Amino acid sequence: MTTKLAKTALRNISRNKRRSVLSGVAIGVAAMAIVMLFSLIAGMQVDMESNLKSYYTGGIRIRNENYEQYERFNPVHLTVDAESVQKVLDTIEEVDVYVPRTSFPANLYIEGTNFGAMGVGADFKKEADFIDLAGSLKMGHLPENGKNEMMMGAVLARDLKLEIGDKVTIMSTTAARGTNAITLEIVGLFTFPVAALNAKYFWAPIDRISYFLRMNGDTQEVILKVKEGVSELEAAEAIKEALKKETSINYDVQAFTEISGTYEMIEMANTVYTIMAFIFFLLGSTVIINTTMMVIFERMREIGTLGALGMHGKELVRLFFLEGMFISIIGTFIGVTLGIGFTLILGKTGIDFTESMQGIDFEISGMMYPKLSISKTIFVFFYSVIVASLATLIPSRKAAKIEPVEALRYV
Amino acid sequence: MIAVKDVKRIYKTGETEVNALRGVSLNIEKGEFMSIAGPSGSGKTTLLNLIGCIDKMDEGEISIKDVAVSKMKKKEKTNFRRENLGFIFQTYNLIPVLTAYENVAFVLSLLNLGEKEIKDRTMAILKEVGLQGMEHRRPGKLSGGQQQRVAIARALIKNPEIVLADEPTANLDSDTGKEILGLMKQMNEKHKTTFIFSTHDKMVMDYASRLVMLHDGQIQSDRKRRE
């Protein structure tokens, strides 16, 4: 019987092609939008994770235990003994690569005017294993350790009308809580994926920065990446314990997921968008409810005839359910396929948010590459089919309750 | 076989009440070829619907084969119709997306019969009603008379003891109507199926072996035609 009902349901779809197509399109568009939304969020998360790990916090960040408490005062005196920390890190199997860095606020003194910027002291030899700095260079070359050189964000250089070869005097508060200045020559202009880094930052050799900030060879932090498959949260715990054991210092060791408020926000947004996407689809499903209601009114006499011939209400419900399910399967399949197609194309070409991201201090790249999640896409497919099919139950259950005589009388 | 006892049916439209049947009683024997006639609004379709278990009465009792169908629940009535009753409608009421074969076979599918039995019986009944070679045509590709033949085949396929036909010739020209009536009469004689029509068509009345005239929801006359 089910086969017969399925056959009839399938043929019924073609009775009013335009309406069936409209219902399928509504479901398809909703499914496509959800697939693309999830892909965009997934891409955003992957991008942010990559940016955080490369340019901001690493996978795990090691700092002086009091640094965070006084962070707003730029406590460059609260340092990490990079040498002893690195010795411990060398013994931990989970650690893949690490680099020392010092970030600090600075004033760039240019022709009598101070311009605010952020400096990063980095070991350019070690950084080569950590991130592809050379690949981010738009012009010039990387600064060399030991030299008074810097590379500057291309947007910052453009805003300050600076070029390669220009020398800039930098002023900042030192670890001794005094003020110091150093003149660095711009040898390279970089373009990182994150717009805020290009508009605010300059990078200089960490040894020169340590000297300039009177940090006695120490650094503000050591950041590291763990090996593939290792949990940053678990590794952070292990590193903290090892550092305490080996150096007797209680360092502040945190995974990037704990540090970045934006990442937490994205994770929260992920949940919110997931709920919104499903509500959005429920709204899309109202189209199929409407379609089924119209179909029921149109076929009222047929419902009466089937009832008179001895078809039970449950079988009638099954017939309309199957019709809705077929439309949903076709609509969802096309929608999800288009969603996958667009995601794959955009995953290669990217979506350019560079202009709109200017001035926004988020760890998100200007170019966004949606990332397809197979499991979520499969889930969306089944969710869409199930919800849209179940939506037909609302009107068809009502139809099943109509007395055959009333249905037969319906004009 | 069918006992209708003092059946009353009132339709309510807002505050207006229409007495469609005002205490109708009659007995119908097996194999009768009977016509319920009367002007519009006389209650003939209502009586047919009540015998067909697709409507509820307000008072009275109907029993078919000693089963009080008027006291059955909705599900029981559906099962009863499925197994014992055949319907023929004025507008044929075929499922437009199904072929002639499928429209007829559908009734047997409801009885959960095997595919072979369904096929054999469907092909046989379609041949009997003169639709051999038209099995794969959909209703839209059939004439009114051919569609009504499909409807007759659909009503008879499960070998019901009773077939209820509501104005079966009303949408047909007189020649086709005559053909259809001849076919139904033939089936009545061959299968001993009880046929009950509602009609206001003189030709149908003439074909019937028993004619019950209704007027204002009451039986005005009930006479058997001499053979």
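Which element gives the largest share of the lining of the second largest pocket? The report returns to this point below.

## Basis of the model

This is a predicted model, in which local features need pLDDT of at least 70, side-chain atom pairs count only at pLDDT 80 or more, and totals for chains, interfaces and linings use all residues. Residues are numbered from 1 along each chain as its sequence is written, chains are lettered from A and ligands numbered from 1 in the order in which they are written, and side-chain values use heavy atoms, with hydrogens and water left out.

## The second largest pocket

The largest share of this lining, four residues, comes from S2(A). Helices (H or I, at least four residues) and strands (E, at least two) are DSSP runs, numbered from the N terminus. A pocket is an open set of points on a 1 Å grid over the protein atoms alone, where a 1.4 Å probe fits, with protein on both sides within 12 Å along at least five of seven lines; lining residues have an atom within 4 Å of a point.

The second largest pocket holds about 550 Å³ of space, a volume being the space filled by probe spheres set on the points, which are joined across faces, edges and corners. Of its 26 lining residues, A:Tyr56, A:Arg61, A:Arg63, A:Glu71 and A:Tyr201 lie nearest the centre. Domain 1 (2-53 + 264-409) and domain 2 (58-258) of chain A each provide at least three lining residues; these bounds come from an automatic or database domain assignment.

## The largest pocket

The largest pocket has a volume of about 670 Å³. It is lined by 29 residues, and those nearest its centre are A:Arg409, B:Thr45, B:Thr46, B:Asn49 and B:Asp166. Two or more lining residues come from each of helix H16 (404-409) of chain A and, in chain B, strand S2 (16-28), helix H1 (44-51), strand S6 (85-88) and strand S7 (162-166). H1(B) gives the most, with five residues.

## A sheet in chain B

Strands of a sheet pair through backbone hydrogen bonds, either parallel or antiparallel. In chain B, four strands form an open antiparallel sheet in the order S2-S1-S4-S5; two strands pair if DSSP finds at least two bridges between them. S2 and strand S5 (67-68) of chain B are the edge strands, each pairing on one side only.

Strand S1 (residues 2-13) and strand S4 (residues 59-64) of chain B pair over five bridges. B:Glu59 in S4(B) is the bridge partner of B:Lys8.
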